[in-house]
Structures are given as structure tokens and as C-alpha cells.
Amino acid sequence: MLDLLRTRRSIRKYKSAPIPSEQIEQIKEAILRSPSSRGLDPWEFIFVQDKALLEQLSGAKQHGAEFVGNAALAVVICADPDVCDVWIEDCSIASIITHLAAHSLGLGSCWVQIRLRQTADGTDSEAHIRQVLGIPDSIRVLSMVAIGQPDQKLRPVAKDKLKYHKLHTNRW
């Protein structure tokens, strides 16, 4: 686990190669193993591989989503807020599980924040994704994780560059 955390970086450049179906199945299994508060599992996941849909999803934010159009896969992470009051936390956990699962398989990935964001024309990002993917209005969209064969290699953050000043013991 520590090696995954040490080497994981947000990858925004992807090769045009597809992701093998067995790797997609492994990501699906990993995401369904995500813990949730009280085991309520409020989340829903949409695996998008259609290039036209990926291109439309790349416009979900004014900045920071354009690379989705070049990914082989985007996992849209949603939830029914009526199922659980901490759906945001549960979806955040599922998002990072997706990110780490992709990295463990040698794939590149990057989290795209959707909740509380807007498109370039000022449309709510969640509404944009709901419209593109036919998601019911009762379902909230927290994030997308773009995944693909990495076309860039970023160095891990050196241990001496970690923000140890953010750690506290017993008291502030």
C-alpha cells in the first residue's frame, strides 16, 4: 500500500490504447469493495468508454476536465443522498479507491471534482453530466476519475518534500 501511495501521481496524458477488459473488471471489483458509512452504499458508478461521451464529459468543468476526452475510461461517481447523509464522504472514498486501483494495475488516472463546479458557460457541472449520461435529478454527482494507459511519467514526491508540519501528536 505504501508503495502505491509513494508512486501514485495524477496522470492527465493518455495513450490511445484501450484498457483490457480484465483490468476494467478489476477496477469494478475494487470500487464495489469501497467502504461506506453503516454499509449503506449510497454510491452508483457509471463506466464510460464511448469516445463521443468522453468528449462531452471533458467539458464538465471550465478548467481541469479536458483530459477526460483523451482517456480510455471515465468512472462517474454518483450517489443517492436520500440513502445516506454522508454520501459525499462515501463517494470520496470510492473515488480514491478507483484512483489507487487504476495505479495498482499500471494505469494512469486523475480525479475530476464535479460537485460545486461549473462548465465554461456557467452551467452546473453536475447538471451537465446528468444531461450527458441520463442520470436522474435525484442522484448527485461527486466526481469523475479519468483512466487510461499513461503517456507521461511523473516522479514520486520525495519524502523530504512531504508536509510534516501538518502532523500533530496528541494536541495542536
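**View 1. Salt bridge between E126 and R140 in the predicted model.** The closest N and O atoms of E126 and R140 are 2.7 Å apart. Because E126 belongs to helix α5 (residues 125-133) and R140 to strand β4, the pair ties together parts that are 14 residues apart in sequence. E126 is buried, with a relative accessible area of 3%, whereas R140 is partly exposed at 27%. A network of salt bridges links E126, R130 and R140.

**View 2. Salt bridge between D85 and R38.** Here the closest N and O atoms lie 3.3 Å apart. D85 is in the loop between β2 and α4 and R38 in the loop between α2 and β1, so this contact ties together parts that are 47 residues apart in sequence. Both residues are exposed: D85 has a relative accessibility of 61% and R38 one of 58%.

**View 3. Salt bridge between E29 and R33.** The side chains of E29 and R33 meet at 2.9 Å, N to O. E29 is partly exposed, at 41% relative accessibility, while R33 is exposed, at 63%. The whole structure contains 5 salt bridges.

**View 4. The open sheet of 4 strands.** The strands are arranged in the order β1-β2-β4-β3, with antiparallel pairing. β1 (43-48) and β3 (108-113) each have a single partner strand, so one side of each is left without a neighbour in the sheet. On average, neighbouring strands are turned by 20 degrees against each other, direction ignored. β3 and β4 (residues 140-148) are joined by 6 bridges, and V112 stands opposite M144 in β4.

**View 5. Helices α2 and α4 across the sheet strands.** Helix α2 (residues 21-32) lies across β1, β2 (73-79) and β4, at about 165 degrees to β1. Helix α4 (residues 87-104) lies across β1, β2, β3 and β4, at about 5 degrees to β4.

Terms used:
Residues are numbered from 1 along each chain as its sequence is written. This is a predicted model: local features need pLDDT of at least 70, side-chain atom pairs count only at pLDDT 80 or more; totals for chains, interfaces and linings use all residues. Side-chain values use heavy atoms; hydrogens and water are left out. Two strands pair if DSSP finds at least two bridges between them. Helices (H or I, at least four residues) and strands (E, at least two) are DSSP runs, numbered from the N terminus. Axes are lines fitted to C-alpha atoms, for helices over the stretch in contact, and angles run from 0 to 180 degrees between N-to-C directions. Contact means heavy atoms within 4.5 Å. A salt bridge is a side-chain nitrogen of Lys or Arg within 4 Å of a carboxyl oxygen of Asp or Glu. Buried means under 20% relative accessible area, exposed over 50%, partly exposed in between (1.4 Å probe, protein chains only).
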